[in-house]
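Let's take a walk through this one, helix by helix.

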Amino acid sequence: MATEATGGGLEFHPMDQFIVKPLFGAGDVHWYTPTNVTLWLALTALAAIAVLVLGTRGRAIVPNRAQSMAEMAYGLVHKMIEDISGKDGLRYFPYVMTLFMFVVFANLLGLLPLAFTVTSHIAVTGVLAMAVFLGVTAIGFIKNGSKFLDLFWVRSAPLAVRPILAVIEVISYFVRPLSLSIRLAGNMIAGHAVIKVFAGFAAIAAVAPVAILAVVGMYAFEVLVAFVQAYVFTILTCVYLKDALHPSH
Amino acid sequence: MEGNIGDLGQYIGVGLTAFGMGFAALGVGNVAGNFLAGALRNPSAAAGQTATLFIGMAFAEALGIFSFLVALLLMFAV
């Protein structure tokens with residue numbers, strides 16, 4: 001994967017940051033081995049809990065910084081579900097909020113130097129996406145019974161077009177967990193790898209100032225991307241939830 | 001220079017998937033540009049449509065990311 005050194009000490013190992021390693025010592029990774037993924041997953045959960053539980057502990061009328069962050073996140077997700085999934089989607093607010101806080105903190109903690117980005121692994125995002133997909137499908141069938149299949153049989157379209165639309169709808173339905181997980185992981189992998197590649201160019205004295213400026217610029221962009229991708233993940237969950245609650249187009 | 005012709009084809013194929021990135025860029029730019037054009041005509045309606053903007057961007061971007069997936073499959077699965 002990593003490119004060979006091309007003379008002048010210029011070495012690129014942009015993908016090395018995504019290697020799963022055991023935390024203590026070296027050796028094989030088994031399912032019970034504490035790895036860097038375990039560590040950063042735990043830190044992600046702790047950071048989310050710290051902001052949401054400890055931050056709002058004061059319950060001040062004029063909130064401090066942590067409390068206003070927690071309130072803004074709550075308000076954002078609450079409004080998102082209400083606008084997109086409708087009032088009856090608010091029953092699923094706790095799950096969507098958890099999802100948003102987990103993804104946003106995993107993305108942001110991954111940006112710390114020497115950190116490990118858990119959301120850059122399709123295994124992690126795949127589980128999140130499959131949980132959303134299976135949950136939403138179950139909700140759809142429980143709430144609507146066989147009417148849920150109206151999602152694929154578009155009654156507002158002319159009869160002749162419906163079979164073709166059904167095929168397209170079925171494909172686009174089953175590609176959801178794939179696109180949801182690959183989008184998040186792909187964005188994280190690409191962004192972090194680009195930063196590493198620019199950092200590699202800093203070894204050449206002639207272009208070092210440009211490379212360092214580029215790293216700063218990319219880093220700022222990645223902070224934005226980290227938030228936007230968490231937002232997109234959550235908003236698509238809301239869209240899927242809307243389809244499950246109100247399947248008729 | 002040595003190596004087999006299959007590897008060459010594989011790497012050319014992986015490089016060609018970068019076209020997917022360019023076309024996804026066209027799609028995302030189209031979404032954002034049209035949103036801005038609409039938002040400047042009617043700024044009061046713009047705030048309510050940011051969610052739609054992000055959904056549209058996400059869908060346009062997803063197909064570009066599938067080209068990344070094809071690249072990964074070519075590199076590691078074929």
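In chain A, α1(A) goes past α3(A) in a right-handed crossing. Bear in mind as you look that this is a predicted model. Helix α1 of chain A covers residues 36-54, and its axis sits 9 Å from that of α3(A), at an angle of about 115°. Which residues in α1(A) meet α3(A)? On the α1(A) side you'll find Trp40(A), Leu43(A), Thr44(A), Ala47(A), Ala48(A) and Leu52(A). Facing them from α3(A) are Met101(A), Phe102(A), Phe105(A), Ala106(A) and Leu109(A). Sorted by class, that contact holds ten nonpolar residues, one polar and no charged.

Now stay on α3(A) and turn to another partner. Helix α3 of chain A spans residues 93-110, helix α7 of chain A spans residues 208-245, and their axes come within 8 Å of each other, crossing at roughly 160°. Angles over 145 degrees count as roughly antiparallel, and α3(A) and α7(A) are therefore roughly antiparallel to each other. The crossing of α3(A) past α7(A) is right-handed. As for who touches whom, α3(A) brings Val96(A), Leu99(A), Phe100(A), Val103(A), Val104(A), Asn107(A) and Leu108(A). The α7(A) side answers with Ala226(A), Phe227(A), Gln229(A), Ala230(A), Phe233(A), Thr234(A), Thr237(A) and Cys238(A). The tally for this contact of α3(A) with α7(A) is eleven nonpolar, four polar and no charged residues.

Zoom out to the whole of chain A. If you take the contacts in chain A with a separation of 6 or more, 63% of them join residues 24 or more positions apart.

Chain B is next. Its secondary structure comes to four helices and zero strands, in the order α-α-α-α along the sequence. Along the principal axes, the C-alpha atoms of chain B fill a box of roughly 65 × 20 × 10 Å. What radius of gyration does chain B have? The value is 18 Å, while a compact globule of 78 residues would be near 12 Å. Buried residues come to 9% of the 78 in chain B.

Is Gly15(B) buried or exposed? The cut-off for exposed is 12 or fewer C-beta neighbours within 10 Å, and Gly15(B) has 11 inside 10 Å, so Gly15(B) counts as exposed. Gly15(B) and Ala71(B) are 56 residues apart along the chain, yet their C-alpha atoms are separated by 7.9 Å.

Last stop: where the two chains touch. Nine residues of chain B are in contact with twelve residues of chain A. On the chain B side, those residues divide into eight nonpolar, no polar and one charged.

Methods:
Residues numbered from 1 in each chain as written. Chains lettered and ligands numbered in written order. Predicted model: local features only at pLDDT ≥ 70, side-chain atom pairs only at ≥ 80, totals over all residues. Contact = placed C-beta atoms within 7 Å. Nonpolar A, V, L, I, M, F, W, Y, C, P; charged D, E, K, R; others polar. Axes fitted to C-alpha atoms, helices over the stretch in contact; angles between N-to-C directions. Helix = DSSP H or I, 4+ residues; strand = E, 2+ residues; numbered from the N terminus. Parallel < 35°, antiparallel > 145°, perpendicular 65-115°, else oblique. Left-handed = near helix turned anticlockwise from the far one by under 90°. Rg over C-alpha atoms; globule rule 2.2 N^0.38 Å. Buried ≥ 20, exposed ≤ 12 C-beta atoms within 10 Å, placed from the backbone.
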